[in-house]
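Subject: Structure handover

Hello,

The structure you asked about is below. My notes on it follow.

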Amino acid sequence: MLFKLSIKNITKSIKDYAIYFFTLILGVAIFYVFNAIDSQTVMMNVTKSTKDIIKLMTNMLSGVSVFVSFILGFLIIYASRFLMKRRNKEFGIYLTLGMSKRKISFILFLETLIIGIISLIVGLGIGFLLSQFMSILVANMFEADVEKFEFIFSVSASIKCLIYFGIMYLLVMFFNTISVSRCKLIDLLHANKKSEKIKFKSPWLCVLIFIISCALLGYAYYMVTGGVDKIQDANEIFIPIALGCISTFFIFWSLSGLLLKIVMSMKNFYYKGLNSFTLRQISSKVNTTVFSMSIICIMLFVTLCVLSSALSIKTSMTKNLNELAPADLQLYKEINLKQEDISDYYTEAMVKNSNLTILETLKMTGMDIEEDLKDMVTVTVYHSSDFTLKETLGNSFEQVKEQYKYMNYNQNEDILKISDYNKLAKLYGKKTYQLNKDEYIVIADYGSMVEIRNTSLKQGNTISVFGKVLKPKYKECQDGFLQLSGNHINSGFFVVPDDVVKEEYRTHSILTANYKVNTKEEQQRMEEKLQLVQNNDQYIIPSKNTRFDIAEASMGLGGMVTFIGLYLGIIFLISSAAILALKELSESSDNKERFKMLRKIGTDEKLINKALFRQIGIFFLMPLLLAIIHSIFGIKFCTFILETFGTEGLLPSIIMTACFIVVIYGGYFLITYFCSKNIIKEK
């Protein structure tokens, strides 16, 4: 009998609480999809290093899944609390008919068990289908060849789902049992007739708290934007984060006390239509869900920042690969080493052979340069012991040091001849330059250093290098780079006339070239051949950089950031929207009698629906609006972190994130409205 009753209750509840079942199924599906990536990559033809990157990514996703399970567990328990509240009258009737609390708890146990089994089966089925599309996305991201596409069911991912969600459902059963044991018959029977108590807080206290909260929030915004350079320790970032969280809570706390008071003072608006009814309902909700609203706001803020940044990094890194790694190979060799440089790192043979050119060194290691390489460009880097960052900043040094206290201002600056740079610029497809005998150019692309150097260049500071005084040709840094990379890391080097430099100050020789290959297999063989050259301990070629290595590193980092960002972002977004939706649906069930009273006094049905739409809309909009304000400054802070990757892809990423918000958050809002409308509808 109890089993039949449980089945009947579930069938009856599906119509009104489809969101709860939908969220559970969606949670299982997403959990499966991101944990099944490892199984999906088995059929891909990728290099060993790419396999290692994918393995690292799946391990990280597995770790993130533990955190995600806590979020989903909180969501399920929170949702169950409101579903329990919806059924207060039902439980009251059971107790009146003589059913014991123990049997009610058993009914809830059966219902949770059945719901869990259904959500797991359906969720795993949907997850299985979605994971096939995910395998195509992974293959595209890592530029992998799918040898033979086939449908793969991940046993390990399904076992994880069963274990994690099984634990969650057990916790739900435990909390449901406690809730039933504490309930009283009188409260259950009259729960739907009781209004939430609106505690009128002191308006002056609320105003004071609101102003202080806004001031603290403003200071937190300043710290992560205008005052970001003052954050010298990574741990200091937790200060604005803590201020933001505390301020968010007290903003909602003060608004819960001010909202109704402010609107009640606007008589013409308050008594128009059903505004008084709608606003009292909203004020009641905000008043009793301050903590929940704060958590939802923070989760939405994290969603906006994480999704925007993660998608931006992937877009920027793909673009950077073509722009910042335009050649296949780059080799570095230290030259002009002295006898005193002999150490555990530099052998005597290395020091002896350091005067060989990089091409001569390659030939001596057995590499056939003419057969293997083309478009070869060799440039030399020069250093002068008295030519440091401090010296190049000139009069702006004190101003820069005030802003960036912990920068190494005594590092030697890289110097290139104009002829060398122009050869490299042609290979890279960059602009070439002409210099007068008394001019120099600074080439840089790393955002912060470009700003620092521009401070000096705008003042027209001259430099003294190798006994020659030079003036800047331009009032700002010119865009460009020396080293192949996947990111904007060039903090700056100086290009000077050829006759300025002195050969005895040579420190590095750099060879940049392309491979004479036509296929990926030939390219792979070249990579292996170069690895043998690099491992030769008789000659100094300790640094090798190839487009292939950069591409793999970029794909690895871009893939990890994108998948983790999507995983967390979607889960946070679904959780936020689901909590609000379930709260509204529970409220709609409790408010059926109130809406019935509105109909009895002659209120038009369209006016009731309009009031319901506004009520749900404002409730969904409040945490989202504050989260958007937070994210404006949060994303601005992210640009400081993203500047090495480039921020060109940030705007499209923000637009894509907005689409996620509209589709998922907006979708939950519309479903909540229509379900609530169905709940309050007069039968």
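A residue is called buried when its relative accessible area is under 20%, exposed when that area is over 50%, and partly exposed in between (1.4 Å probe, protein chains only). The model is predicted, so local features need pLDDT of at least 70 and side-chain atom pairs count only at pLDDT 80 or more, while totals for chains, interfaces and linings use all residues. Residues are numbered from 1 along each chain as its sequence is written, and side-chain values use heavy atoms, with hydrogens and water left out.

Overall picture

The protein chain has 683 residues, of which 53% count as buried. The chain contains 25 helices and 11 strands; these are DSSP runs numbered from the N terminus (helices: H or I, at least four residues; strands: E, at least two). Taking a contact as heavy atoms within 4.5 Å, 85% of the contacts with a separation of 6 or more are between residues 24 or more positions apart. The accessible surface is about 32,800 Å², and 62% of it belongs to carbon and sulfur atoms. Accessible areas come from the Shrake-Rupley method with a 1.4 Å probe; for residues, only the protein chains shown count as cover.

Salt bridges

There are eight salt bridges in the structure, each being a side-chain nitrogen of Lys or Arg within 4 Å of a carboxyl oxygen of Asp or Glu. Asp-479 and Lys-430 form one of them, at 3.0 Å from N to O. This pair links distant parts of the chain, 49 residues apart: Asp-479 is in the loop between strands E8 (468–472) and E9, and Lys-430 is in the loop between helix H19 (418–428) and strand E6 (439–443). Asp-479 is partly exposed at 44% relative accessibility, and Lys-430 is partly exposed at 21%.

Asp-438 and Lys-471 meet in another salt bridge (3.9 Å, N to O). Asp-438 sits in the loop between H19 and E6 and Lys-471 in strand E8, so the pair ties together parts that are 33 residues apart in sequence. Asp-438 is partly exposed at 34%, as is Lys-471 at 39%. Through shared partners, salt bridges join Glu-323, Lys-430 and Asp-479 into one network.

Asn-35 belongs to helix H2 (residues 18–35) and is buried because its relative accessibility is 9%. A polar atom of the Asn-35 side chain lies 2.7 Å from the backbone oxygen of Phe-31. The Asn-35 side chain also makes a polar contact with the side chain of Lys-160 at 3.3 Å. A polar contact is a pair of N or O atoms within 3.5 Å; within protein, one must be able to donate a hydrogen and the other to accept it, and residues adjacent in sequence count only if both atoms are side-chain atoms.

Met-60, in helix H4 (residues 48–86), is partly exposed at 36% relative accessibility. Leaving out residues up to four places away in sequence, Met-60 touches Met-560 and Ile-564. Met-60 and Phe-563 are 503 residues apart in sequence, with their C-alpha atoms 10.0 Å apart.

Cysteines

How many disulfides does the structure hold? It holds zero disulfides, a disulfide being a pair of cysteine sulfur atoms within 2.5 Å. Cys-206 is buried with a relative accessible area of 0%, and Cys-305 is buried with 9%.

Regards
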